Each structure stands twice: as structure tokens, then as C-alpha cells.
Amino acid sequence: MKNIQSLIEQMSLEEKAALCTGASFWTTTPVERLGIPEMLVSDGPHGVRRVPDVHSIGAKSLPATCFPTASSLASTWDVDLLHKMGEALAEEAIALNVDVLLGPGNNMKRSPLGGRNFEYFSEDPYLAGELAVSLINGIQGRGVGTSLKHFAANNQEFQRFTINAQVDERTLREIYLPAFEKAVKQAKPWTVMCAYNKLNGSYGSESHALLTDILKNEWGFDGLIVSDWGAVHDRVASLKGGLDLEMPGPQEKRVKAVVDAVLSGELEEAILNESVRRILNIVFKAQETPKGGEFDVDAHHKLAQKVAAEGMVLLKNDGILPLKGQQHIAVIGRAAENAHFQGGGSSHINATRVAVPFKELQSRAENAELTYAEGYPADDSFHQEMIDQAVGLARSADVAVLYIALPSYKESEGYDRADLDLTVQQVALIKAVAKVQPKTVVVLNNGAPVAMSAWIDGVAAVLEAWMMGQAGGAAIADVLFGKVNPSGKLAETYPLKLGDTPAYLNWPGGAGEVRYGEGLFIGYRYYDARQVPVLFPFGYGLSYTTFAYSNPTVSGSTFKDADGLTVTVDITNTGKVAGMEAVQFYVHDQKSGLVRPEKELKGFAKVELQPGETKTVSIQLDFRAFAFYHPKYRMWITESGDFDILVAASAADIRHTLTVTLESSLSLPCVLDKESTIREWLEDPRGQAVIGPLLQQMTAMSQQAFGDDDGSEGIGMNVMDMFMDMPLLSVLLFQQGALTMPAEEMVDGLLMQAHNMK
Ligand code: BGC
């Protein structure tokens, strides 16, 4: 490792400022005289998009394996598999001379309409965080850097460069930050990429609160923070906020602005030096991995196929799947010939090869005859004759398999979806085919939920195949024929209709503002709380076998929050074929000082079982599994009391409930102040001790005056209930005549006593 400090001392101010801005679209600025090389970054996240000329923007990239996108990856619930995929991504990055891969994306799916949802994992921060950790560990374990993005609250594309996301602190801490926090703390990404949007008034590229206070100081992030491409508005302000590297470059004017700011004293040189130090650390770290060579195209295609197969979610199956013994299979839908396997935008990969779904099906169909009809066009125009042709084929076949892909331009970086709908033609096609052929299987290619109520009752099976990567066509065939038993489960809720979705009334905002009015309640947290029926719940997915959950245990029925808890359950494959099951553990707080979601995912495990086999699944629940973020204390707290651990096959399929008692070991700071209400005084043991006797006296006096005990003078109130939400000062002011000193002085004295108590 180079002596970074000595390099910084040798660098001129101009060289330091230049290092903090890219030299080109994909490279950092080298300093040849000091032996500081350039560093090459490339998208990301589910493949390496390395353009041939790294000093230009470039569109068509060099061939690389296009793995499934994040919606599919998340549906695997398989951290080991993501780790392997990460290793493969790193091998490709090395072969393509890439130092840092720009991913994974780790934002929450606030609305199913989000244009980049296909690039993000989940609506649940715990699941997303765990998946990001293993993908990053897989990549970085091989010496290639990652860029965890887009930090933070980048949940829509509408006005994505400018919109101000208004998110309250608790929601930020419990929903929008934890997936980043886990990844930063546990996997230590080399770089974190800021978001374009503003959060609570500050640009993602400038927010000192986000970049410096939380990311660097609180979470201990020691890598570099890179801007999203073009996210910097004011280079000096962004350096002050904590943004180390601006991309892309070159930006001569901005480099000069930094130099001028240091010379004029507006920017402390120490701030610039700190960013230089962070950048040099990563630049030289990247040098430790020799680049070049080749990657194993076949092996990676196979791995992409395995990931795609494991991510597929069998949503409905009346028994038609797996296909067996059919003589004539009508294959309908242009996605059977033109695989739709990735989304639009910066993540777009030039695949090394593409498995054509129709051919893959044919090669596994043994003696069956396959016929094909296109069924629908590439856009959303309507053509009845295509439907008629498909219906003709379907009628005479033993089974119809419909490959339905959302038109590719519908899901892309840069804009959101307008609705959850398939095209009018696709819906009409499915209905018409299902009418003549009850054995209709629908295979879907999309990156986020689509509405199905119009047609799902009429079809025999639905397989969610996602944006499945280049090998997905083969994976579909494997699942349809039962060569692979589907084991994917949804990492996001499928709503019945758009109007049911959590952010519906606050989406996508306007006039530069979007208010996250649903607060903590996104995804299943919302559907649980409002008891809104859904099409398919979070965590749901069918298999060709069945699983029994038995012998749930906890390491102790009473436990200290700091010690955490171990939960185990036996899973048995009770069917006839081997399979994998994603077992989920949710925590429900029976009683809490602040409103909490009905339940939250806090653990999961994927287990593979032969028919009849039983394995014990075990997970750890730590302090955070029970804690919530208290905006008043500005910290994560636990409250003593009873919690339920729900052992589940999905958010709507709870197999066992275990009740445990938590003993909180926290000693909370005293946050009582002049505005604290009687309820807040009483909730704090110190407050209770200080005002308890006084309150009794005052309540008794007031109850005599205002209560309706004697039926004559009272005004029918329970005085104590009224006092609960009044500040102490107001209560005292009501008693003026009876007090021995002014109310204000009394409050000051009582506050001092409370704050001085242990
Ligand atoms: C995207 C990033 C991407 C970058 C470089 C931006 O527009 O938001 O996700 O890594 O471009 O292509």
C-alpha cells in the first residue's frame, strides 16, 4: 500500500481538486508524476457494462453476462447464490479491466410504479440489506469494488434530478436507511453512490446530515462517496457535505471552483484532503487486483440460468405444472422468441448470448409438438388477427403456454410506469386463449408487479419469471418441465390494483416535492395495517412439493435485548420431489409506546430438502430485531414487554407463533423539557418520580372542580385523562391560586430534579 499521507503532501492544490472530479465518463483523474493511476468504474448492477472506449460515454458495451435483475435476485431469498453471482461479476469485471462495479442498487420499492424497481431488491429493508451484503461480499471478496446506490430515498424517476423527498426521521431510519446501513456496516462497500434527488431539502450530493453525519461518522463508512452521474450542483457545497468524487468528468470549471474556494478560505483544505485520502485509498486498493484475462462465458451463463430459475415465483398452479406427457404445446407470445430479460437504462448489458425461450422449451419437450403464434406486437397497438391466430393454435393443443412480457420501454431508468397494466392486447389475448384452452399457463416477464385480476381466474398457472437475465429462457423451460422445482418467493407485495398501494395518494408528488405520507407503512406493513386484500402477499411463492413447519423453539422465553435470541424450526419436505423453501421470521411487538407495523421481517433462511427430509433452520434475532427508532431520543430503543415471533411461509401464511418477553437494558437519556406532556413525564421513570405526588394532588383538586361527581358544578370530565396530553406548565397554570410559586419556576425546578436523577 502506498503512503497516502505522503502523496497528499506532495500533491498540488490543483491536483487534489482534479482528483476529486472524474477525468472522463468512467475514469478518475490520474496524477502521472506521482504514480497515481486512473481508476475505472462501470455499471452495474447485474452485469458489467464496460464500454470499449472508457474515456467516452459509449452506448454499446463489451459482451458480458446479463444476470437477472434485482427483483429476480431478491425472489431467490438465497444469500449463498447471490454471493456466487457476486464472484462471477467480479471475474468479469477483472477480465474487462473494471475496478469498481456500480451497484448494487438498494433503495426501497415505495410504489410498484417506480421506474427503477427492477434494479432494486425489495419493499423490505431487512431482506434488501441481507441480499446486498452477500452480493457485495461476493464481488469484493475477489478484489473488485462495488458502489452501493443510490443513497438515499431514491424511490422514483419523476423529477428524479430535482425532487425533494420529504421523509420524517423515523421513517428514514426504519425504512429507507437500514438496507444501506446493514450493507455499509457488514460488507464495507468500497464506494457509495449518492442519489440525484433531494432529501428533506438537501441534494443527495450535498447533504452533510446524510453523507457525513450518518454514513461516514455514525456508520463508520471508510470508502469514498461518489456522485451519481451529473448529480453535483455545487462542487464546493458537495465537498463540504462529504461527497468525495464527482462523476463524470472532466469538469474544469468545477475543479477551479474548488481551488478558488480553498484559496479564498471558503473551503478548508483539510476537507479536500480528507476526500483525496479516501479516493487514493480506493484507487490503490483497486491496483492490488491484477486485471485482464478471460472469464468463463459458459459457466457464467449456467450460473445466470441457476439464479434465474431460483428467482422464478410460481404464483398459481392448479396442477397443470410441471408439464408432463402433453403431445401438443401451443407456445404463444412474442417473448417466447424475443426474450425480455432486462430493463432499460444504465444497467443495460450486452449479453454474451441469449437463451431463446421457445428453443429451450423445444429442446426439453421430448416427443411433444410445439407450435408458435406471436400473439401481440412489441408495442401497445392492438391487432385482433394476432389474437385470433393464437386462439386457433391454443384450441387444438393440449396446453397453451403464454409468454407475456411488458413492452420493454415500459420499465426503464429515467421515468416511472404510469400503471400496473399489461397492454390491452395482452389482456385480451390471455382471456381469449384461456376461454378456449382451460390448460393455459402464463409466464410473465416484467421487473415489478402487474395487475392480474382481469384474467387470473381463467388460467391454470402463472409463473413470474421477471427480467430473468440472458439465460432466463432456459430457466423457464426447466421450471415448466419440473427439471427445477420453483422456490422463488415474492420480495414485494402484488396488489390487486394501483389504488390499493401505500403511496397512492402521495405519488409521485409535484412542484418539486414528494411527501412520503404513508410513513413507515410501505409494502406489507401497509397492507397489514389497513387490512387491504392483496393479489399475492410478500414472501409468497408455490412449489411442486409441500413443506411442514414443526418444533418451533426459542433459546429463552425471557431474554435481554443485548443478548438477542435464537429461534429454530424444523422444516420437512412432505411431498414427492426435492425442493427449497424460504422460511421467514417476523417480529410483532404486542405493545409499544409509538405506533409500529403489525409485523416486520427480521430473519429468513433458505433450505434445500429431499422428499421426506427434515432440516432444522436456525436464525439469530438481535437488539435491532426488536427495536424501533425513537425520534425524540434520536436513537434505536427497545421497550420491555412481550413480543411474538412469527414463523412463516409468507407474510400471510404464519405457521407458528412464539411469545417471548424482552427485558430492555437501555437507560434512556432524560428528554423531558418545558413542552413535555403529563403522559411524557409519566412514561419516564424519573419524571414519574418527580411529579407523581404533585400530580395526584392537582388531579384531586381539579376533579372536585371539574368532575361531575356531585352532579351540580362539574362539567363531566375525567380530569386525569384530560391532563395526560397537556404540558405540565399548562396543568400548573390551571392551579395558579393554589401554587406557592409561579408555575414557570416550578416547572424549571421539577425539570432540573428529573434531569439530575439517575
Ligand atoms: C444512474 C446510475 C449509474 C450512472 C452511470 C446514472 O444515471 O443513476 O445508477 O450508475 O448513471 O451510468
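Helix 4 passes helix 5 in a right-handed crossing, a term that applies when the near helix is turned clockwise from the far one by less than a right angle. Helices here are DSSP runs (H or I, at least four residues) numbered from the N terminus. The model is predicted: local features need pLDDT of at least 70, side-chain atom pairs count only at pLDDT 80 or more, and totals for chains, interfaces and linings use all residues. Residues are numbered from 1 along each chain as its sequence is written, and side-chain values use heavy atoms, without hydrogens and water.

Two packed helices are described by the angle and the distance between their axes. For helix 4 (residues 79–95) and helix 5 (residues 125–140), the axes come within 6 Å and cross at roughly 35°; axes are lines fitted to C-alpha atoms over the stretch in contact, with angles running from 0 to 180 degrees between N-to-C directions. Residues in contact (heavy atoms within 4.5 Å) include Leu82, Met85 and Leu89 of helix 4 and Leu131, Leu135 and Ile139 of helix 5. By class, this contact has eight nonpolar, five polar and two charged residues; Asp, Glu, Lys and Arg count as charged, and Gly is among the polar ones.

Notes. Helix = DSSP H or I, 4+ residues; strand = E, 2+ residues; numbered from the N terminus.
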